[in-house]
Amino acid sequence: MSDNSGQEEGQAVERGKIEDGIKKSGVEIDLRVLWGALYRSRLTIILITILLGSAAYLYAYLKVNIYEAKATIEVGRGSSGGSSKEDVLSSLSDSMSLDTQFDIITSRLVTNIALKHVDWRYHYFVKTRLKEWELYKSSPIRADITKGIGINFFFYPSSDPESFRLQAKGREKEGQWEIDKTYHFNEEIKTPYFELSIHRVQENPIVDGRYRFYVLSPLRATLAALGGISVDYGEGYSSVLTIKNQDTVPLRAQEFLNAIAQAYMEQNIEKKTHEASKMLDFINEQLIQIQKSLDEAAEKLEDFKRNTNTAEMSTKTKLIIGKMSEYEGRLVDISIEESMLNALQQQIMSGKKLESLSIAGLKVKGSTLSRLIQELQQAILKRNSLSLDITNSNREMTKLDNMINHLKDVIANTINNLKLSVKERRKLIQQSIDEQERRLKDLPTDEKIYSRLERNFQVNQEIYSYLLKKRSETAILKASTVSKNRIVDPALLPASPTKPNRMRITALGTILGLMLGILYAVIRELMDDTIKNEEDIRRVSTLPILGQIPHIDFVEEHKIVVLDKPKSITTEAFRTLRANLRYMAVSKNPRVIAITSTVGTEGKSTISANLGAIISLSGKRTIILNLDLRKPALSTLFNLPNNKGMSSLLSGRATLEEVVQGTEYKNLSFIPSGPIPPNPTELIQEGGIENLLKTLKDHYDIIILDTPPIGLVADALSLMHIADISIYVVRAKHSKQEFLVNAERLKSEKNIHSLGILVNDVGHGLTYGYNYGYRSYEHSYYGEEKA
C-alpha cells in the first residue's frame, strides 16, 4: 500500500516538473531560441522593414520643405552720455528691455510695414510627381481677386495657349457650390461666389501639372507671416537679437526677414522723429502767440516813450524789472510743463495710442513716471502679441488687462501729484512776482508805467528767444535722428531646407520597421506553443527522441517515399529511425511496434507505411495492421482495396487469409482497416488482438500497428500495452507542447514501456541540427542504393 502511494507521489512530482517546464518555455527564450524565431520570421521581418522604410521615405518625400533664414540685430540699451536734449527724445525707446524689443519685432505694426515689400497674400502652387510646390515670384500666372478670399482655385493648362480650365468649390448658406469651366486669360470672371481675372506671366513658362492658388485676407496674411518668426536672445547680458524666419519658400524667407528687420529699424526712427515733431508743433504754436504778444509789447513801449519823452529807467527800476522778468520766465516754463502734463493725462485716460506715448519735453527721465510708462507700454505690446494666439477670455489676457488698467490708474495719480507739485511752484513764483509788484507801486507814475511796459516786453522777448532756441535744437535732433539699433547680419538665402530631415525620417522608419518585425517574431514565438525544435521536447519531456522525419511534399505523401526515393534525406531519416528502434525494446527481440499520436493530421499513417517499408528492405518480413478503424488512410498509400480488413477479421466476418494483402514490395504485407464499424473500441479491446498477434508472429518478423490517435479515443492504449515498442508521433509546428505531457503520462501512469517520440514534418528553417548539412550528405555519401 505504501509502495503504491509512494509511486503515485513520485509520478505527481514528475508531472509537476513537466508542467513547470511548459510554463517556463513560454517566457524563457534564450539567444538560440530567439535566433531561431527571427530566422523563421525573417521574410516577415524583411517585409515589415521594407514597408515601413518605404512609407517613411514616401512621407519624407511628400513633406513640405521648411527653410530658415537668420538675421541679427544689435539693440541699443540706454544712452551713451549725450546731452540732456538727446536724453529727453530717446529716453523711452532706448531704455526698453529686450522683452519689449521682442514684442515690437513680432507686432502686427512691424509685420504690416514689412508686408508692404513682400507679398504674403497671394499663394501659387504647382503639383508634379505627387508633390506640390509653392511658386513665389516664379508663377506663370497672376490672379487679381476682388471677391473670393480664402477660396482654393485650381488652374489647368489648355491646349489653347489663350485659355485655361478653372475649378473651384465651396459652401454657402444655400449649400455646396462648384465651378468647372474654361476661361480666357485677362477675362473678367464674375460668378455669385467670386470675381477675378487671370493673367499670363510671360517670363515664367507654364509646365504640365495642376496649379492651385488662393488669396488671404490682410489679417490672415499678417498672422500667417508672423507664424514663422521667432527671436532668440544672446547669452548673458548680450544686446544682440537673432531673428529667425521659417518658410516653405527660401526666397520669401530671406526677403520677409530682411523686411522685418528694416521695418523694425524704420519704426524705431519714426517713433523718435514723431516725438520730435510733436515737440516742434507745440513750440511753433507757442511762438506764434509769443510773437504777437512781443509785437504788441514793443509797440506799446515805443508809444509810451514817444509820448512822455522818457529815455530810460532808473537803476532801481531796472533791478526790479530784471527780477520780475526772471520770475515770469520761470512761470512760462511751468505753464509749458503743466500743459504737457495735462495732454499726457488726457491721452492716458482716453487709452488711445498708448504704444506711442511720448514724454519728450518733460523733465522726468529716470523718474517714477518714466518707469511706469515704460512698464505700461511693455504690457500693451505683450498683450498685442498674445492676442494673435489666444482669446480675450484667456486667463493670461485677463491678467494683462488688469495690469494695464492698474498701471493707467497709477500713472494718472502720479501725473496728478506732479501737477500739484507744479502748482505749488507756480504759487511760490507768483508770490515773488507779487512782491516785486508792490515795490513798483512806490515808484513815480510815469516810471511805474514805463517799468510795466518794459517788463512785459522783456518777458515776451526772453520767452521768444527761449522758444527759438528750443525749436532750433529740436529741429537739429529731428534731422539727425538715428536708431541706436543696427542690423549686424542681414538674412541670406537659405541654401538647403532645415526640415524635414529626410535621411533621419527614413532611417527611423526603417529602424522602427525592423523593431516591429523583431517584436512580431518574438510575440509570435511567445504565443506559439507548438513543438518547433528538439529543445522544446527536451524541456518538457524525458522520453527519448527516436528520430526526426523531414517535411514530405503533398505528392510524396501519397507514395512510399523510402521506396520511391531511396537516396533522399527522408529515406535516410527512416533508416536512422529503424536503427534507433533496436535499442528501445525491453525484450531482446522486439517484434510488435505500435505507432500513435495525440490527434489526427500528425502523419502517423505515413510514418507507419514508410517505417514498414524501410524495415522490409532490411530483409525482415513485415506486416502493417491499420487499426485506425475510424479514419483509414493506409489503403490509399499502398493503392490497395479496403473492402475487407481488420474490422471484418475482428468481427468474425472474414478470415486472416482473406484480409492479408501483399504489396508490390518484397517482404511487406498489409491488413487494411476494412469497413468502418459502429463499435471500433469494442472490436479492438474484445476482438482477440493478442491471439491475432501470436498467429502473425509465426509468419512475420515485424508487426507494425497503426493505432488511432490516443488523444481522441482509448483504442490505442490497449494496443500499446501489448506492443514491444511504442512510437509517439508529434508534428513540428503543429503539435502542441502540452501533447508531450500526455506522452509522459502514458509512461508514468499507464506503464507504457519502450515509449519514444518521433518528430515528423521537420520543415526548412526549423532549428534542428539533424536537418542541416543533409543536402550535401545525401549526394556525396550515397554512391549506391542502400537497403
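Four strands make up an open sheet in the order S11-S12-S1-S13, and their pairing is antiparallel. Strands here, like helices, are DSSP runs numbered from the N terminus, with at least two residues (E) for a strand and at least four (H or I) for a helix. Two strands pair if DSSP finds at least two bridges between them. The edges of this sheet are strand S11 (229–233) and strand S13 (486–489), each of which pairs on one side only. From one strand to the next, the twist averages 30 degrees. Such angles are taken between N-to-C directions and run from 0 to 180 degrees, with axes being lines fitted to C-alpha atoms, for helices over the stretch in contact. Strand S1 (residues 67–74) is joined to S13 by three bridges, and the two run antiparallel. Within this pair, Glu74 has Arg486 of S13 as its bridge partner.

The model is a predicted one, in which local features need pLDDT of at least 70 and side-chain atom pairs count only at pLDDT 80 or more, while totals for chains, interfaces and linings use all residues. Residues are numbered from 1 along each chain as its sequence is written, and side-chain values use heavy atoms, with hydrogens and water left out.

Five of its seven residues are buried, so S2 is mostly covered, where buried means under 20% relative accessible area, exposed means over 50%, and partly exposed lies in between (1.4 Å probe, protein chains only). S2 runs antiparallel to strand S10 (residues 210–215), with six bridges joining them, and Val126 stands opposite Tyr211 in S10. Five bridges also join S2 to strand S3 (residues 131–135), again in the antiparallel sense; here Lys127 stands opposite Glu132 in S3. The hairpin of S2 and S3 has two residues between the strands, and Arg129 takes a positive phi near 50 degrees in it.

Another open sheet has three strands in the order S4-S9-S8, with antiparallel pairing. Strand S4 (141–147) and strand S8 (189–190) are its edge strands, each pairing on one side only. Two bridges link S8 to strand S9 (residues 195–200), and Ile189 has Leu196 in S9 as its bridge partner.

Turning to helices, two packed helices are described by the angle and the distance between their axes. The axes of helix H3 (residues 42–62) and helix H13 (residues 502–527) come within 7 Å and cross at roughly 155 degrees. This makes H3 roughly antiparallel to H13, since angles over 145 degrees count as roughly antiparallel, under 35 as roughly parallel, 65 to 115 as roughly perpendicular and the rest as oblique.

In soluble globular proteins, nonpolar side chains tend to be buried together. A nonpolar core is a set of buried Ala, Val, Leu, Ile, Met, Phe, Trp, Tyr and Cys residues joined through side-chain atoms within 4.5 Å. The largest such core has 44 residues, of which Leu625, Met646, Leu696, Ile703, Leu705 and Tyr728 touch the most other members. Leaving aside neighbours within four places in sequence, Met646 is in contact (heavy atoms within 4.5 Å) with residues including Leu625, Leu627, Ile671 and Leu692. Another core, of 34 residues, lies apart from the largest one and has Ile105, Ala114, Val118 and Tyr264 among its members.

Over the chain, the secondary structure comes to 26 helices and 21 strands, and 45% of the 787 residues count as buried.
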